[in-house]
Amino acid sequence: MKFGKEFASQMVPEWREAYMNYNYLKTLLKQILIFHRGQIRLPENPVNSPAKAAALRRRVSLFRAFSGLTSRYGNNNSPKKGSEDEVILVSAMQEADEEQGDDVQSYQTVFLRSSEDGGDLELVFFRGLDHEFNKVIHFYKSKVQEVVKQAEELSNQMDALIALRIKVSSPTAAAVSSYFNERNMGSNPLEVIQEEQQEKRLDVRKGYKMASLEVLSHVKINAAPETPVSTVRNVFKSLNLNLHFNTREVRNAEEKLKQAFIEFHEKLRFLKNYAFLNQLAFSKIMKKYDKITSRNASDAYLKMVEDSYLSQSDEVSKLIERVEAAFIKHFCNGNRHQGMDTLRPKAKREKHRVTFLVGCFFGFSLALMVAIIVSIHARNLLKSEGRTKYMDTIFPLYSLFGFLVLHMLMYAGNVYFWTRYRVNYSFIFGFKQRTELGFKEVLLLSSGLSVLTLASVLSNLEMELDPETQSYKAVTELLPLFLVIVVILITICPFDIFYRANRFFLLVCLWHCICAPLYAVTLPDFFLADQFTSQVQLLRNLQFYVCYYGWGDFKTRNAETCKNSEVYDVLFIVIAVIPYWIRVLQCIRRLCDGRDSTQALNGLKYFSTIAAVVTRTIYSQKRGTTLKIISASTSSVATIFSTYWDIVMDWGLLCKDSDNPWLRDKLILPNKSIYFIAMVLNVILRLAWMQTVLDFHEAPFLHKNALIAIVASLEIIRRGIWNFFRLENEHLNNVGKFRAVKSVPLPFSYEDGYKSL
């Protein structure tokens with residue numbers, strides 16, 4: 001793999017703009033190379049082939065002076081070059097930083113051969129090189145200052161945690177601690193993180209410093225309203241922020257601080273890798289310059305890089321050691337192996353059996369689909385008398401799994417393209433490290449579910465009643481219900497099978513959606529709720545499951561009880577409204593939390609969609625010209641509102657004055673036309689509701705339920721397209737803010753004037 005590709009693959013995606021622009025500098029070097037090649041005269045004898053010329057160059061290289069075996073970076077015994085051989089002069093300068101108001105050190109290279117032919121091109125190269133190096137240095141310095149402040153913050157938090165542990169676990173130890181700290185006042189706030197290898201036993205005579213309990217009188221709990229109980233208490237102003245000195249407080253504080261240490265350590269590793277990669281990139285680009293121009297400028301420039309803050313700074317390395325020592329001691333009971341596995345998780349390895357099983361399941365699915373089609377044509381089931389009854393009862397039951405499989409296939413496609421274009425979906429969703437599902441794992445789940453569904457459909461293709469019992473076989477009629485129970489049991493299974501971490505993450509997000517607005521809303525929560533707004537028909541099919549197997553006669557495929565029930569019709573509307581109502585509540589919560597003032601308009605958008613869904617459903621049940629006009633009007637308003645929000649707010653497109661006209665400044669996909677195609681498709685697929693208003697409910701070759709399933713599938717496809725561009729926009733927002741790690745809420749807050757956090 002070429003260095004350029006390897007360099008890009010190892011970047012922190014959110015910091016991409018802060019890395020050295022290796023491709024840009026390579027482009028400048030190519031211009032220099034083209035100029036030098038133009039200056040070289042071609043040989044007069046055209047018979048000489050390129051192969052012979054290459055062989056001649058190899059032969060000439062054999063007569064060069066031997067560079068030696070002991071000198072790795074060059075021959076130290078070679079004679080020093082005089083001033084007439086110097087190519088560049090590198091100097092450090094002090095410049096004023098307008099943002100911070102301080103003087104910042106920057107570097108400038110003076111090219112001494114600018115008067116030679118092609119010198120202007122090389123001058124442009126060194127200007128670009130200086131710009132990239134200064135950019136890297138300034139970013140690295142700002143991030144180091146940021147992590148040093150965070151280290152002090154974590155030190156203060158650890159002071160409070162250790163004091164709380166002593167206070168809760170042993171009042172005797174608390175008294176001893178107070179006594180000795182009265183004699184040893186003046187602690188360093190970074191002492192907790194600057195852990196050294198100390199003896200485990202307490203030896204006061206050697207001056208071992210006990211943790212101070214005085215800090216507890218200046219500390220309160222950071223009880224942000226993140227749970228239903230804390231939210232309700234916060235509403236009624238009864239949220240108690242004082243410490244109660246119980247084990248539950250200790251556990252909660254330990255859990256938050258443990259996660260904060262993990263995220264902080266990850267940021268430090270990113271920063272260390274950032275410095276290493278950029279140093280390597282500057283070394284590579286200067287060696288390319290020397291090779292192209294036959295000069296020796298890399299030694300002087302790389303000496304400057306080596307002496308700069310990027311190479312000489314050791315704050316990050318020391319912080320990594322101290323954080324690891326503190327984490328192992330305080331959160332892993334001194335178990336270094338466990339602590340390092342948590343802080344430095346191994347890379348997720350791709351399993352070949354997943355690829356094999358995906359191929360097998362897709363092959364089985366294709367074979368079952370062919371078998372179903374052949375069975376339908378061979379038995380002439382399309383013209384059977386039981387066709388209508390089958391489509392009214394059995395088809396809605398199995399179409400539920402079709403919606404699930406299609407949604408999972410769209411998500412697999414999303415994951416594939418997110419990975420290909422380096423959209424950090426794992427960080428955006430907040431998955432635990434090494435637990436995120438790749439596109440192959442999602443395809444495995446979807447293909448496995450399709451095999452089970454198609455096998456059940458094939459075994460349940462009965463159109464005629466049993467002449468003796470005047471009913472269908474109970475076993476085959478219960479297959480759809482059995483499948484639903486299996487899917488639910490697998491989803492809630494507590495054992496470590498079928499990707500337990502992901503199932504638990506899904507259930508937590510689902511619970512947050514159900515309890516909205518009592519939980520603080522995160523991106524996974526409202527993203528999942530948005531998925532349900534595109535699965536309204538799936539929810540209605542679940543309602544039909546309950547009615548059909550609870551009150552209907554499934555042995556004779558009689559669903560008249562459901563169709564003729566007014567309660568069922570009312571619930572038919574309520575079920576469709578629930579996902580949109582959840583989104584309204586989530587918007588209200590986000591507005592109250594003060595995160596985004598545009599959430600008021602977003603909630604209004606979902607409220608308009610609720611009105612459209614309700615009026616369309618009532619019109620489909622009762623008909624009438626007035627209802628038709630009302631449903632068409634509300635649907636038009638909701639469609640315009642939602643389409644605008646999708647394209648402008650969620651995708652960030654249609655920016656007239658952007659670098660990419662009518663798109664946005666930064667794009668991930670190389671082909672701009674894809675964005676315009678996606679916008680057109682989003683508009684067209686949002687108009688699928690028109691089939692209800694235009695009374696297009698059934699065709700000669702298509703049953704009503706089949707048409708409903710097709711329209712629902714189109715909405716799922718639209719949602720899959722929306723998912724990709726929504727996360728792309730979120731990723732670019734993170735890139736713009738250089739946000740590469742999660743911000744974890746800390747458990748304690750200090751009083752003003754005691755310790756500023």
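Author: Start with burial: a residue is called buried under 20% relative accessible area, exposed over 50%, and partly exposed in between. This is a predicted model. Arg113 has a relative accessible area of 18%, so Arg113 is buried.

Reader: Which residue forms a salt bridge with Arg113?

Author: A salt bridge requires a side-chain nitrogen of Lys or Arg within 4 Å of a carboxyl oxygen of Asp or Glu. Glu116 pairs with Arg113, and their closest N and O atoms are 3.5 Å apart. Glu116 is partly exposed because its relative accessibility is 36%. In the whole structure, a search finds 22 salt bridges.

Reader: Where do Glu146 and Lys143 lie?

Author: Both lie in helix α4 (residues 119–169), three residues apart, about one turn of the helix. Lys143 is buried at 8%, whereas Glu146 is partly exposed at 31%.

Reader: Which parts does the pair of Lys742 and Glu263 tie together?

Author: First the contact itself: the closest N and O atoms of Lys742 and Glu263 are 3.8 Å apart, and the two form a salt bridge. Lys742 is in the loop between α27 (704–736) and β4 (748–750) and Glu263 is in helix α7, so the pair ties together parts 479 residues apart in sequence. Salt bridges can also share partners, and in this way Arg113, Glu116, Glu122 and Arg295 are joined into one network. As for burial, Glu263 is buried, at 7% relative accessible area, while Lys742 is partly exposed at 33%.

Reader: Which residues gather in the patch of positive charge on the surface?

Author: The patch gathers Lys2, Lys5, Lys30, Lys284, Lys287, Lys288 and Lys291. Helix α7 (residues 247–293) supplies the largest share, four residues. Lys5 is found in helix α1 (residues 3–9), and Lys5 counts as exposed because its relative accessibility is 63%.

Reader: What makes the nonpolar surface patch?

Author: Val567, Val570, Leu571, Val574 and Ile578 make this patch, which covers about 410 Å². Val574 sits in helix α22 (residues 566–592). With a relative accessible area of 40%, Val574 is partly exposed.

Reader: What does Lys440 touch, not counting residues up to four places away in sequence?

Author: Lys440 touches Glu350, Val354, Thr355 and Val358 on that count. Lys440 belongs to helix α15 (residues 439–459) and is partly exposed, at 24%.

Definitions and conventions:
Residues numbered from 1 in each chain as written. Predicted model: local features only at pLDDT ≥ 70, side-chain atom pairs only at ≥ 80, totals over all residues. Heavy atoms only, no water. Helix = DSSP H or I, 4+ residues; strand = E, 2+ residues; numbered from the N terminus. Buried < 20%, exposed > 50% of the residue type's maximum accessible area, 1.4 Å probe, protein only. Contact = heavy atoms within 4.5 Å. Patch = residues over 30% accessible without salt bridge, like charges linked within 9 Å, V, L, I, M, F, W, Y side chains within 5 Å. Areas by Shrake-Rupley, 256 points an atom, 1.4 Å probe, with all protein chains shown as cover. Lys, Arg positive; Asp, Glu negative; His and termini not counted. Charge placed at Lys NZ, Arg CZ, Asp CG, Glu CD.
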